Amino acid sequence: MIPDAAATKLAAARARLILERPFIGALVMHLPLVPATGDWCASVATDARAIYYNAEYVDRLSLAEAQFVLAHEAMHCALGHLARRSHRTVKRWDVACDHAVNLLLVDEGMVAPPDALLDAAYRGLSAEEIYPLLPLGPQMRTLDQHIGGGTGALTGRRSREARPALARVSFTQSEAGWDDAGDEHRVNESAEEPPAISPAHAEALAHEWQGRMASAAQQARLAGRLAPAWLRLVDKLMQPQLPWRALLARYVMSAARDDYSFQRPSRREGAAMLPRLASGEADVCVAIDTSGSVTRAELAEFVGEIDALKSQIRARVTLLACDERLDERAPWRFSAWEPVLLPEEMRGGGGTSFLPVFEWIDRTNDRPDVLVYFTDAFGEFPAAPPGYPVVWLVKGNAKVPWGERVQLN
């Protein structure tokens, strides 16, 4: 297919997106369409500044699939995938990002190309949550190529001085009525393999795209054209993201905070009964899943975090181990000044049931200020929540029926 014909198909797909899905269409319009020269781009690629495309690949797409491909690139940019990789390996991260984006778009009713990665087991998960769940070994081929964050995802990069000539790209009223002539980004009119952007630039672009996504969502919402699923996604992305340690600390410390007490004071303190600040030790119950799905290294990291929290809130810790039944050596108790240590030998490896832990607490009448359960969340839950806070620190993508769920990424 000649580049002009490919450009016409992509322009038509972009116009359809603006008319049919204005939220996604608004995002796509921030990415000029640039034909890729040479053989560096087998399908499409993005660096959060433009969409680079292979004309022969576009020729094989239907119009609906071309819409999907454009939306796919725009969502990578809007979700900040180019800046969120951190320490993760490039190929595995790209696969996780593709699963996350493709499932969102398919749920929106869009038509994916035949080679798109679409594992329903990852539905509803972020790229960070999908990444550790991917099987080991050779990773599958992604729909596109991701250029960003200085990751070296593509080979044969050239210096800044070796870039082709740049030209300002602007859209006119003839392109679906969209006017973006004030866009300060500069991209290649026709691109050989573009250099990777630096991590700092990728981070700046991610913040810029976050603002674009909020603006597009607001416009689509005012027009009554924003689906509830997209609204929830935008709201979630606008919120600050905390690592599991910070979330765990927030839940535990809020459950065990100092509070005021109206308990009757000593007679020597006077006849009046006034509120006073009661500051005592908190009782934290910690349960660990020993069914075999959680490694000892992960258990040790988790227990170390509990030990660090314990010193901040002056807490006594009761440690329980359970697979389908409670470990007969449990409980292990640790005073506020004692370090929390794992038993040298962890017994278990059977099925998983959470009932024994809650039954033990009911039987001993030893109600904790908070129960923290470290598990993959595959097992039998009690039918109803107990009368005390429960925090589930979950490895994997399983859901919990009640309580606070903290994702272990």
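This is a short walk through one chain, from its overall make-up to a few local spots.

Okay, so bear in mind throughout that this is a predicted model. The chain has eleven helices and 14 strands. It runs to 409 residues, and 48% of them are buried. If you take the contacts with a sequence separation of 6 or more, 65% of them are between residues 24 or more positions apart.

Which order do its strands come in? It goes β1-β3-β2-β4, an open sheet of four strands, and the pairing is mixed. At the edges you have β1, residues 33-35, and β4, residues 145-146, each pairing on one side only. Inside that, β2 (44-46) and β3 (51-53) run antiparallel, joined by three bridges. If you want a landmark there, look at Val44, which has Tyr53 of β3 opposite. Then there's helix α4, residues 63-78, lying across β1, β2, β3 and β4. Its angle to β2 is about 20°.

While we're in this region, a word on cysteines. Cys41 is buried, at 1% relative accessible area, and Cys77 is buried too, at 3%.

Next, have a look at Tyr131, where two arginines come in. The charged end of Arg92 sits over the Tyr131 ring, 5.3 Å from the centre. Arg88 also lies over the face of Tyr131, at 5.8 Å from the ring centre.

Searching the whole structure turns up nine aromatic pairs. Take Phe381 and Trp392: the ring centres are 5.1 Å apart and the planes sit at 70°, so we call that one edge-to-face. Where do the two residues lie? Phe381 is in the loop between β12 (370-375) and β13 (390-395), while Trp392 is in strand β13 itself, so the pair ties together parts eleven residues apart in sequence. Both are buried: Phe381 has a relative accessible area of 18%, and Trp392 is at 0%. Since the cut-off for buried is under 20%, Phe381 counts as buried at its 18%.

That pair also belongs to a bigger set. Ring pairs link Phe354, Phe358, Tyr373, Phe381, Trp392 and Trp402 into a cluster.

Phe358 brings us to helix α11, residues 355-364, where Pro356, Val357, Phe358, Trp360 and Ile361 are buried. As a reminder, an α-helix has 3.6 residues a turn, so residues three or four places apart point the same way. What covers the buried residues of α11? The cover includes β9 (282-289), β10 (315-322), β11 (332-334), β12 and β13.

Last stop, Val400, in the loop between β13 and β14 (404-408). Is Val400 buried or exposed? Its relative accessibility is 17%, so Val400 counts as buried. Leaving out residues up to four places away in sequence, Val400 touches Ala377, Phe381, Trp392, Val394 and Arg405. So both members of our edge-to-face pair show up among the contacts of Val400. And from Val400 to Asp376, 24 residues away in sequence, the C-alpha to C-alpha distance is 9.9 Å.

That's my tour, so let's go to the structure and look around.

How values were computed. Residues are numbered from 1 along each chain as its sequence is written. This is a predicted model: local features need pLDDT of at least 70, side-chain atom pairs count only at pLDDT 80 or more; totals for chains, interfaces and linings use all residues. Side-chain values use heavy atoms; hydrogens and water are left out. Buried means under 20% relative accessible area, exposed over 50%, partly exposed in between (1.4 Å probe, protein chains only). Rings of Phe, Tyr and Trp (its six-membered ring) pair if their centres lie within 6.5 Å; planes under 30 degrees apart count as stacked, over 60 as edge-to-face and the rest as tilted. Helices (H or I, at least four residues) and strands (E, at least two) are DSSP runs, numbered from the N terminus. A charge sits over a ring if NZ of Lys or CZ of Arg is within 6 Å of the ring centre and within 35 degrees of the ring normal. Contact means heavy atoms within 4.5 Å. Two strands pair if DSSP finds at least two bridges between them. Axes are lines fitted to C-alpha atoms, for helices over the stretch in contact, and angles run from 0 to 180 degrees between N-to-C directions.
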